Every structure is written in structure tokens, then in C-alpha cells.
Amino acid sequence: MARVGGELKLLGLWASPFVTRAKLALQIKGLSYEYVEEDLGNKSELLLSSNPVHKAVPVLIHNGKPVCESSVIVQYIDDAFAGSGPSLLPADPYQRAVACFWAAYLEDKMLTPWGRVFKVKTDEEKAEAMRQTIAAVDVLEDGLKECSGGQGPFFGGDSVGYVDILLGGMVSWVKASEPLSGSKLIDAEKTPLLAAWMERFCELDAAKAVLQDVDRVVEYAKLVMTKNAARASNNN
Amino acid sequence: MAAAAGVELRLLGEWLSPYCIRVKQALAVKGVAGYEYVEEDLEHKSELLLSSNPVHGKVPVLIHRGAPVCESLVIVQYVDEAWAGPAILPSDPYERSRARFWAAYIDDKFFPSWEPFFKSKTAEDRAETFKNAIPAVETLEKALTECSSSEGKPFFGGDSIGYVDVALGGYLAWIKAVDEVAGTSLFDEAKFPRLAAWAERFAAADAVRDASPAVEDIVVFYKKMQAAETGAEH
């Protein structure tokens, strides 16, 4: 892979879908980088000094300068390495605005309730959070139609773009959803375009190289939920 | 959407909404004039609003040659790209990433930490919630110090108003109004000198003055809002 324009280092956690987004973007752009697996129970000095505000992964360090927040990182990779690999965002400002609108929708309406599923205590709260998540997936099906403009299976049309990467980072967790909760997040019967999207996305070389093993994610998620439940009952 | 025919640029908004204020500020900074502004009644949303933003049904919505753009920061970026004029986002990729990072911080961390203070009604609540809002303000003071560098440039955008400035700027008139009613000073000059200076310079800028509601008008609204909820006059 080309080593273009300086030194790249990615601080991450293998399970994190947000880190996976950064890896996908780097892979698709054909960029080589050093990957550092962080222990979130014992954060490195580099992580703490690179992301003092959030102390979270992913952090992309380019020539010593840190970029934080997964969606910001993906856009940065597109901007800073414009000559390398495909463009992740459309050239037209209006099409770009459409893509950014759906990226915001994904974060605010789907990922926010989905994150709650892993944190809340009661089964009722979990079920409600899942309902909200699934409702958002239904709307996202329309988003896929709008973004792709019928040009291809991806939000980016016939090629992978920004929204594809943001959702793509979540794929192993999407697949883990059924073994974990009994509910399919992306159900071919309800959201056929998204189901087709997921299939095509997983066929990409970048996806094969980067996406986490689903069984590992399931085990990890169970561990996280157990820890959260224990912490919650200790706090009572 | 026949009603929109023939109008080049239209902004659907609500005068109190920080997100609408932010878009007006961005349009002014970019030098985009002559657009039609439509004040929406959020209790009785127009057909145009509902059809232009079917996903959220919210303001602001910018309609450019009949095509709607929704979500305030998406609109600000669109305005920056679709019109010639002073740059709102920096051209350097790294500086752009810093601007995006801080705009996200303002919406995801700063505002949610301030919101409980805005909603407080008793002196006790206010004292508690005000204290809880301070850490995010400290972080923004540091951010401004970083962005403005040792040369002490006036704005997050450096010499001129930029993306982060309008991201925070949309909230500024509200911050001042609530401070006035509560007797507080969020961007206290002694504790946060750079933010205090920023607030003054930002509010005084021509583009901002014309685009922002008067603090006094928000004070009137805020007092009514608080009185209505508690059923008592303050």
C-alpha cells in the first residue's frame, strides 16, 4: 500500500465500531499506518495527550498531529489524502449536504438509542431503545435511496462513500445484534436496500480486511453488558 | 412544492432557535443577502416545512432553487461551499478537522451541559446547574486559546468569523439572556478572559448584529416561559 504524505498512526480498540470506521477509510484510500491497540483500562500517555478532551479512541495521528472523533477522522482522511484512492464525499455541494445530513441522522437517531441498549438496566428500557434503533433503520432505508440516487447499492452510489464507511464500521455489531437481543437490526424483509447494502459492503476487500469477527463481538458485548449491570447494581 | 417556485433562496426558521440564528449568522458572514426568510410557527408547521424536512420536521431548512438542506451545521457547510465569499471553514485539512471537532463538542457536550441551567427555576437549582456547566466552558476557553494562537486572534476562526464561531454564536444571545435573568456570567471576564472578549467582539460584528435577535427580546420570552411553567411571576 502506498505510503503517501507522512506518518500515520491510529490509536484504537479492536471491538470499537468507531475505530473500524477509521480503519475502513484508511484501507479504502490505500494508506498504510501503524495501529496501536489501546487498553481503555490503562490508557497510554499518547492517547491521553492526543485526545485530552474525550480520552477516547479512535485517534488518528498524522505527522504527530492528532485528529479525534470518528466522523471527523473519516472526513480528514478524505481531505488530506485527496489524491489517494477514491473520493469519499461527492464533489457537488448539494450532494455533499445530503450525505452529511444522513451521516448526522445515523449518529443522532440510530446510534444514540443503540448505545443505550448496552447501558440501560431493565429489559423494558433495552426493548424501548431497540425499538427506537429499528425505527431509525427504517428511515435510513429512505436515506440510502436518496443518497445512492439509484446509481448503485451504496450510499455513495456505485462506489463506497462517507456514509457507507460510517455505517460500515458498525456492521459486525449489526450482525451481532440478533444473537445478542433476538432482533435483526437490518432485516431483508423490512429494509431490503440496506440488507443488500450490507451484503455488498461485506464483499469489499477493505471490509474483509478490517471488519471484526462477529462471534468475538458477541462475546465482548456480553462482557460489557455484564460489567455495566454489575456497576449499576453496585451504585444502588 | 409549487409555492417555492421562482424563489432562489429561502430560509425557514424560528427567531428564537439557536440553530436558525447560527444559519443566519453564516449567511451574513458569507455575504449572502436577498433571501426570503419565513418565520415558522412551530405549533402549526407549514406544509413547506413538513415537505422540505420530512425526516425531522424541524427548522432551520435552507431551500436553494427548490432543493432543501437540513441540519444547521450541514447548512452552514453548504452555504460555505455553494457561494463565493469569505471562507467559513478553513481550507487546510487539519484546521478543518479542528473546526469540525470543536463544533461537534459545542453541540454534543457544551450545550447539553448548559441546558439544565437554562431550565432551572429555583436559586438552588441554578447554583447547582451553573456549576455543572463550567467544565465545558473551561474546555472552550482552552480551545479558543489554541485556535487563536499566541497572536491572540479574536475568533475561533482566527482573524475572521468561522465555523466554530457560528456554532457557538447561535447560542450566544440565549446565554446572555439567561445570565441577565439569573444574575450570572457564564463567560466571566475574570475566569474566561478570551471567551468574554470573543463574546463581545462576536456580538459587535456587523454580520452577527443583523442576524441575531436582541438579547432583551429573548429575556422577555425567557421570563414568560419560566413564569408560565411555575405559574408564578418572577
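Reader: What is the area buried between chain A and chain B, and what makes it a buried area?

Author: The area is about 2000 Å², of which carbon and sulfur atoms give 70%. Buried area is the accessible area (1.4 Å probe) that two parts lose on being put together, summed over both. On the chain A side, A:Asp79, A:Tyr94 and A:Phe101 supply 26% of the area that this chain buries against chain B, more than any other three residues. The model is predicted: local features need pLDDT of at least 70, side-chain atom pairs count only at pLDDT 80 or more, and totals for chains, interfaces and linings use all residues. Residues are numbered from 1 along each chain as its sequence is written, chains are lettered from A and ligands numbered from 1 in the order in which they are written, and side-chain values use heavy atoms, with hydrogens and water left out.

Reader: How many residues of each chain are in contact?

Author: Contact means heavy atoms within 4.5 Å. By that criterion, 24 residues of chain A are in contact with 23 residues of chain B.

Reader: Which elements of chain A give two or more residues to the side that touches chain B?

Author: They are strand S4 (65–68), helix H3 (70–80) and helix H4 (93–117). Helices (H or I, at least four residues) and strands (E, at least two) are DSSP runs, numbered from the N terminus. H4(A) gives the most, with 11 residues.

Reader: Why is helix H1 of chain A described as largely enclosed?

Author: Buried means under 20% relative accessible area, exposed over 50%, and partly exposed in between (1.4 Å probe, protein chains only). Of the 12 residues of H1(A), 10 are buried, so the helix is largely enclosed by the rest of the structure. Among them are A:Val19, A:Arg21, A:Lys23 and A:Leu26.

Reader: How do you know whether A:Ser172 is buried or exposed?

Author: A:Ser172 has a relative accessible area of 2%, which is under 20%, so the residue is buried. A:Ser172 is found in helix H7 (residues 171–181) of chain A. Leaving aside its neighbours within four places in sequence, A:Ser172 is in contact with A:Leu211, A:Gln212, A:Val214 and A:Val217.
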